[in-house]
Amino acid sequence: MATEDGPLLVPDPEGLDRGVDRTIEAWERWSASCTYDGPFRDEVRRSALLLKQLIFAPTGAIAAAATTSLPESRTTAKNWDYRYSWIRDTAFSLTALFQLGVREETHASITWLLSLLREEGEGPGVLHTLAGGRPGADVTCYDVPGWRGSSPVVTGNRATDQLQLGVYGDLFSTVQVYVDHGNVLDAPTGRLLTSIADRAADDWRRRDAGMWELEDDRHYTTSKLGCWVALTHAAHLADLGQIDGDAGRWRHEAEAIREWVGTEGWSENLGAYEFHPGSDELDASILLHAISGFDRGERMIRTLDALEEKLGAGPHLYRYSGMRSEEETFLACSFWMVAARALCGQVERAQELMEQLLAQAPNDVGVLAEMLDPTTGAHAGNLPQALSHLALVNAALTIHSVRTGEVEPVS
C-alpha cells in the first residue's frame, strides 16, 4: 500500500500467507455447515457460497446481484442496477438455505425483511436498499462506456414503485418456510401479515406490472397465482395459530383465483397457460407454479412442452414470447424447467436437462450471470445473479427430493 508522496508499506509475506490461510479456513468451515449431500453436490455448494457472498452482513439483506449495467441485450439498451434486495430473491434464498442447513443467515434475512415491513406499515415493496428502505424510482444514466463499451451505466431502479402482485406470494412463502422450520412469529408481525393477506385478497383482481417488471399493466396469469400462493399460505399460518384473520375468506379468494386461471389464463390454442388473457403468448414464469403446487397435471405438462417448443434454445429458455430477438436466454427459467419436470413426474428428463445445463456453464468457477447466449455460452446481464444460483440449487434439491420420496411427483 502507498499514497502519493508517502512511504511504501511492504507487508510481511508470512503474515499474508497466514491471512490467506485464515480466509480459506473460514470459507471451508462455512461450507461444512451446508448439509446437502445429494446430486450435483459440488454445484450446489458453489452456489451456496455465492449466495452467502451476496448477503449484506450488517442487515441480512440479500443483493440480487453484485453489479450494475452489465448488458442483457446486444440489440436493445437493457442495462439495469441490481444492487438491491428483492423480496422475491429473499423468499427463494431462504427456502434454499433452510434446506441446505444454513440457519444464522436465514434468521438474519427474515428478521431484516419483517422489520422493514413493520416500519413501512404498507403492502410489501418490490425491492429495498441493502441498508433498508425503498430507493425511489429515479434512475440516473451516465454517458460513459460500460462493459465492452455498452451504455448507459445506471444507478437506481424504476421498479421500486411498481405494483407486482407476485410479491404477496413471495412474502408469504418466506414466512411459511420460516415457521415450518419450527420458528415463531411475534404478535405485531402476525397482525401485519393479516392485513397484508387481506390486501392480497382484494388486490388480485387488479392489473399489475408482472414478475418481469413490464411497463404495461395487465392481468398477468402468474401475478394472479402469486396471490393464490399468498392466500393459501396465509390460511395455513392461521391454522397454525401464527396469524389471525379470516382464513375462510382467504381460502375462498384462493379458489376464485384458481377458477380464474383455469378459464381466463388457459389458452387451448396454445395448449398452455398464457401470458395474460387473449395474448396468445407464453411466459416461462408459469414454471414457478408447478413448483408451488398449483398444477402438476396434464395442463402444466402441456405448458412445459409448449415452453420448450416456443421459447427453448437447446436446454435453455427465453423469459417470454418475443424475447428471442431482444435478449439472451434466462438462466433461472432454464433451471425452473428442471424442477417443474421432476415435480410433474418426469424426473429422468429433469436429470438429463440439469446435466445439459451444467455442461454449458459459462465459466470454470461456477459463477452464473442473469442470462446466457445459447450460441456462444457467453454470459449476459449482471452477476453473480442470485436468482440464477437459487434456481440451480432448487433444481438439484427437487430432483433429490423426488428421488428419495420426500416429495411425491405426479405420476
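Analyst: **The contact of α3 with α4**

From helix α3, the residues I87, T90, L94, L97 and F98 meet T106, S109, I110, W112 and L113 of α4; contact means heavy atoms within 4.5 Å. Sorted by class, this contact has 7 nonpolar, 3 polar and no charged residues. Here Ala, Val, Leu, Ile, Met, Phe, Trp, Tyr, Cys and Pro count as nonpolar, Asp, Glu, Lys and Arg as charged, and the others, Gly among them, as polar.

The model is predicted: local features need pLDDT of at least 70 and side-chain atom pairs count only at pLDDT 80 or more, while totals for chains, interfaces and linings use all residues. Residues are numbered from 1 along each chain as its sequence is written, and side-chain values use heavy atoms, with hydrogens and water left out.

Helix α3 covers residues 87-99 and helix α4 covers residues 104-120. Helices are DSSP runs (H or I, at least four residues), numbered from the N terminus. Two packed helices are described by the angle between their axes and the distance between the axes. The axes of α3 and α4 come within 10 Å and cross at roughly 150°. Axes are lines fitted to C-alpha atoms, for helices over the stretch in contact, and angles run from 0 to 180 degrees between N-to-C directions. Therefore α3 and α4 are roughly antiparallel to each other, a term for angles over 145 degrees. Their crossing is left-handed, meaning that the near helix is turned anticlockwise from the far one by less than a right angle.

Note on methods:
Helix = DSSP H or I, 4+ residues; strand = E, 2+ residues; numbered from the N terminus. Parallel < 35°, antiparallel > 145°, perpendicular 65-115°, else oblique.
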